[in-house]
Amino acid sequence: MPNFDFLAQPSLPRPDVTGDDATAIAAEHYGLTGTVTELGSQQDRNFLIDTGTARYVLKLANPVFSADELHAQNAAMATLARSGVRIPEVMTATDGTDLVAVDVRGVRLLVRLLGYLDGEPLTGVGEPSAEQLRTLGTLAGTVAAGLAALRHLGLARTTQWDARIGGEVVDLLIDHVADPAKRRVVRETVDAALARLAPLRTRLRVQAVHGDVTDDNIVLAAGGDEASGGASDEAGSEAGTTAGSGAGVIDFGDVAYGWLVGELAATVASALHHVPAAPLAVLDVVEAFAAVSPLDDTDIAALWPLVVLRGAVLVVSGEQQVALDGDNRYADENRAHEWLAFDVARRIDAAEFEAVLRWRLENAAADAASPVDAASPVDGAPTTGSPTPGSPITGSPIVGLRTAEHHLADLSVTSHALDAGRWLDPAAEAGVLAAICREHGHAVTRYAEHRLTRASIDRRAASATRALSVTLDAPGGVDVTAPFAGELAIVDGSWRLRCDDVDLWIDGLSRPLSTARVAQGETIGAAVTLTVQLSRVRGRRPPAFVTPSIPRSVWEQVSPDPSALFGADLAAPESDAALALSRRDDTFAVVQEHYFAEPPLIERGWRHHLVDTAGQTYIDMVNNVTAVGHAHPRLVSAVRDQWALLNTNSRFHYEELARFTERLAGLAPAPLDTVFLVNSGSEAVDLALRLAQTHTGRRTILAVTEAYHGWTVGADGVSSSIGDNPRALETRPDWVKLVASPNTYRGRHRGTASAPPYLADLDEDLAALDASGQAVAGFIAEPVFGNAGGVMLPDGYLRGAYQRIRDRGGVCIADEVQVGYGRLGHYFWGSAQQGVVPDIITVAKAMGNGHPLGAVITTKAIADSFAAEGSFFSSAGGSPVSATVGLTVLDIMRDEELQRNAAEVGDHLAARLRDLGRRHALIGAVHGLGLYLGVELVRDRETLAPATEEAAAVCDRMLAEGCVVQPTGDHKNVLKIKPPLCITRESADRFVEALDLVLATL
Ligand SMILES: Cc1ncc(COP(=O)(O)O)c(C=O)c1O
């Protein structure tokens, strides 16, 4: 029988063997009786036999595996037993052989019995210690070294774990990944890994490998203490007993010829899901492996692509196994771990990992004990002389410019040179440098700065923003001198000056000296644009720009700060989001919550994008306040100009006020023609309530449950959202009468045609009020349930409600703070969607684009009744600056046709989200209109059980995908989608793509 070839036979359901079968086989062939428990396996059947005095594993191999292959596994175990790794003992059957054939219901199966290796698998350890990770690496390295000389006929087989055919395995199995979003990510990630691997393949060493030295298959020493893997003298000798010291390796089912570094990649991939937040911890695994089984240059370059590939093979194989063998709980349970490991792997840039790994291995001998993440920044104090190993970088000036003459370019996220979206211009960096050069003759960039110019929008992955190289621009030209003595050579088109422990990479050298040994201070050429990067990685230049996934402290070791060579401090200041948060919490009332447990530090906005201090962008799906987009240049300049002229209060006479109130009145439906200007939605609602009360001479206000109208005493009184205030329903003041929330999705009555029963309920409430002699002053509601996540009111509800209120002499207030002002796309006012004209409209948020601005628009008659309360004055309401802001926002909305954009992009987005709902059971409904949408997450579409925790998890994962979205509603289970109205179709699509993936992998 030929050896197994996965590519010829890619589907391997486990043989059909029951516990009773195993019991019979153990008794008949091994003379063993005891309790029998099935152990997990992807494609074989394994049973634990406990005789009471000893424990064994009975292994029934999948019938596709030949006797040669099983003998090869036994040979591998025997070889390793001799090399000192604790491994299971191969037991002989009563007939004296170590492999017996049995017949299970007509299927011939080959059986072996192994001693059970006691100890805790690493899988059970949540977050392994560095020592445990090193044990894992040492074991894998020892196994690889131990098997290096093994030759056997049964090793020439092709399993799906053979890294050499990883690409083919993925091609073959990827269709088992049912979810298209997951499939796409696997495809793209694998393609990138294979491309990186392609030039290395022929140089990778092939030998016998275990193929599966993973967290599942190493057992830590019994008693919990990890011990020196592979170093135990007794290894193998106590198999079959419960005693044992030292870590051991089990499961030799994948033993075959393969790439040596593939052995390590499998081990590293298995560690990743243990350390998702600090994946560089796997460097401990690699270093320990390499100490036993040294890695060559090609291995190092191939490792991360192979880890990624292994992760992908695990994902596709897991999906295949579940599709094939639905009741394989082992395969099913592993899927979450497998996806997590793949996800962690794909987020690490292979070139970055390679550079850090090279540095780590080169320095391992010198300083094995210091973990990279504890590394401290390099002291850049300039001195003279050559660098010595591990010491701060020193050197004489590389260019003949005096320290004080260095003019630093600010390319950071907060650089005003990059305002107004200039950072998106590919020529932006050159432009900033050129401007400084025009004034000062030359300019220098900063080391370790996160350059905004390297940020990208609608990103799928982290942007490589951190500069490890430094550029000096000097249009007049400068002489370049060797900052230390060394060998000068051209490598990959760049100049490299090498001294004892550091390489200086130089680009832009014109008229260079030829390759030579140069002395410190010797002129080596001239430059107009000189780029330099220091490297403590021998031979290979680290990436010039890196993502934030690896900490600065690591890069300061790998690619140190070249400040000393310029005689100036070029190190960019580093912002610390955690520190900033704790400062905020120290003095800012914590009830004024922040989004996300670990929020990024956002210091810039542009259109519908936010940018954190690491230059990572986020699509802003929550800022309905910033209707025309962040940092709109027209608004910026209008505000600047008005501030420069005048800002005072509305008791003074200036034209901007009338211009603005005319515009607002013009936008309101007749007969609303009179405007009050305040500073917020809460104030607008408060004032509207007082207008209703003074106009009617009554106190009682009707408000719907589940709503939020603001924080002031009045606005809070009519707010009953338990999502915002869990005790809201019991604590409303006596002048507020709550009526049922006409929530068409999860309310008392459901569907768009549920207005009649809701109005019947309202009739009952009103009748009760009438009977108690409480006359109604007014009724307040959002025309689309913003707080519930954009739930549309039932058709005709407001018309019926307004009629009933007006019949009793009450006043109808539409709170348009969230949903009005063009956001619905198809309507400027939400009340228009319901076909009603309110008596009072409250508006805020969007009208100021973030500037504090609110308004009440009503009839002259209602406004005039307020005179009974004396005059009305709000110090900053309607100030010249506020009026300018309000007018400019309206101008921008008109000129950029943002309401039309809200309709178009909103409809597109809603359709795509509804499409997602057809594939993801968690989506119960997509609410809303235009760019006020809500994705309601439920655990069950029948019971509508709210998926609150899931919604929180989705929001956290969406942040990692570069999207800011938050939950709303009484159950905080509705993703509120209300981006700036300028959002593009591309960003909407990117958001849907990200949500698709997040839901697929939740
Ligand atoms: C519908 C509604 N009305 C009023 C307010 C209060 O507005 P502000 O926060 O500007 O005081 C809000 C705020 O979220 C709101 O959503």
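Predicted model: local features only at pLDDT ≥ 70, side-chain atom pairs only at ≥ 80, totals over all residues.
**The ligand site**

The shell consists of S680, G681, S682, Y708, H709, G710, E782, D815, V817, Q818 and K845. Colour these residues by class, and the shell divides into three charged, six polar and two nonpolar residues.

At S682, select the side chain: one of its polar atoms is 2.6 Å from a ligand oxygen. At G681, select the backbone instead, where a polar atom lies 2.8 Å from an oxygen atom of the ligand. Then turn to K845, whose side chain places a polar atom 2.7 Å from a ligand oxygen. How much of the ligand's accessible area does the protein cover? The ligand on its own has 390 Å² of accessible area, and the protein covers 83% of that.

**Two helix pairs**

For the second pair, select helix α3 (residues 130-147) and helix α6 (residues 260-272). Here the packing angle is about 160°, with the axes 10 Å apart. An angle over 145 degrees counts as roughly antiparallel, and α3 and α6 are therefore roughly antiparallel to each other. The crossing of α3 and α6 is right-handed.

**Backbone features in loops**

The last stops are single residues, best viewed with the backbone atoms shown. Most peptide bonds are trans, and most residues other than glycine have a negative phi.

Select A670 and P671. Is the peptide bond between A670 and P671 cis or trans? The bond is cis, with omega about 10°. P671 sits in the loop between α16 (655-667) and β24 (674-678).

Move to E706, in the loop that runs between β25 (700-704) and α18 (713-717). E706 is not a glycine, yet its phi is positive, near 75°.

Finish at D458, in the loop between β12 (443-444) and β13 (466-467). D458 is another residue other than glycine with a positive phi, of about 50°.

Conventions:
Residues numbered from 1 in each chain as written. Heavy atoms only, no water. Near = heavy atom within 4 Å. Polar contact = N/O pair within 3.5 Å; in protein donor to acceptor, adjacent residues only side chain to side chain. Areas by Shrake-Rupley, 256 points an atom, 1.4 Å probe, with all protein chains shown as cover. Nonpolar A, V, L, I, M, F, W, Y, C, P; charged D, E, K, R; others polar. Helix = DSSP H or I, 4+ residues; strand = E, 2+ residues; numbered from the N terminus. Axes fitted to C-alpha atoms, helices over the stretch in contact; angles between N-to-C directions. Parallel < 35°, antiparallel > 145°, perpendicular 65-115°, else oblique. Left-handed = near helix turned anticlockwise from the far one by under 90°.
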